[in-house]
Amino acid sequence: MERKIGDIKDKKLKAENITLAAIYNILFTNDIVCSLIVEMLSALRKSELCRFRVKQQGNKLEQLMLQYEKKINKIAGHRAFFMADANQYVADEVQPDLLKMEYSIKMEFDKFRIENSALLAKVELTRCMAELACLSLDKRIEEVRPYNKEVAGITYLRLTDAFKVLDELSDTLYRGGTVTSTKAIIAKGVWLSYNENLLIAILSAARSMSQTS
């Protein structure tokens, strides 16, 4: 009887640890996206590309980020300082990959002699990472569900709306004859080259921090 109770406790603890690691992974990935959005909007608003429609989309993104921040602060509570330190740790871990990805995207724009390639690379990197955040959340839920069926309840952390606005923003900024082919090259080349490394780095950092919590 005691052994059976012990097995139940072990399974419960394993489910809790797996779920916790997945949630940290999602939060860390989302935090990277939020930081990229802030940096990208700052650069975009200083440029000549920031016109009426772009301003609207930028304001919408800012509003979505504020809503997300309030949501996370409410959830984190007394763990907010821990999360801030952990987020900085993850950011440092993946920064080299992000810089490589941004530079590679810029190079693709440069091949087509597209103006403002550095700024557009920031936009595309942010869009790509927002998509990664959404896909990563879906993947984490899929992995955790066999251990914890209630994990589906964390879908409220998905940055769906932010990704949609970023996708619309990219269409607004890139609209032109070479846009479709450029975005296709980025999606099939640069994006596929770096997303696996980013996922590994983020997941590794998430697991590391969950073990110290």
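## Arginine 140

The side chains of arginine 140 and glutamate 143 are joined by a polar contact of 3.1 Å (a pair of N or O atoms within 3.5 Å, one able to donate a hydrogen and the other to accept it; residues adjacent in sequence count only if both atoms are side-chain atoms). Arginine 140 lies in helix H4, residues 117-144 (helices are DSSP runs of H or I with at least four residues, numbered from the N terminus). Its relative accessibility is 7%, so arginine 140 counts as buried (under 20% relative accessible area with a 1.4 Å probe, protein chains only).

This is a predicted model, in which local features need pLDDT of at least 70 and side-chain atom pairs count only at pLDDT 80 or more, while totals for chains, interfaces and linings use all residues. Residues are numbered from 1 along each chain as its sequence is written, and side-chain values use heavy atoms, leaving out hydrogens and water.

## The nonpolar core

The largest nonpolar core has 48 residues (buried Ala, Val, Leu, Ile, Met, Phe, Trp, Tyr and Cys joined through side-chain atoms within 4.5 Å). At least two of its residues come from each of H1 (2-45), H2 (52-76), H3 (80-111), H4 and H5 (160-174). H4 gives the largest share, 14 residues.

Met40 is among the residues with the most contacts inside this core. Leaving aside residues up to four places away in sequence, methionine 40 touches Leu61, Lys122, Val123, Thr126, Leu166 and Leu169 (heavy atoms within 4.5 Å).

## One side of H5

Buried residues of H5 include Phe163, Leu166, Leu169 and Leu173.

Key:
Buried < 20%, exposed > 50% of the residue type's maximum accessible area, 1.4 Å probe, protein only.
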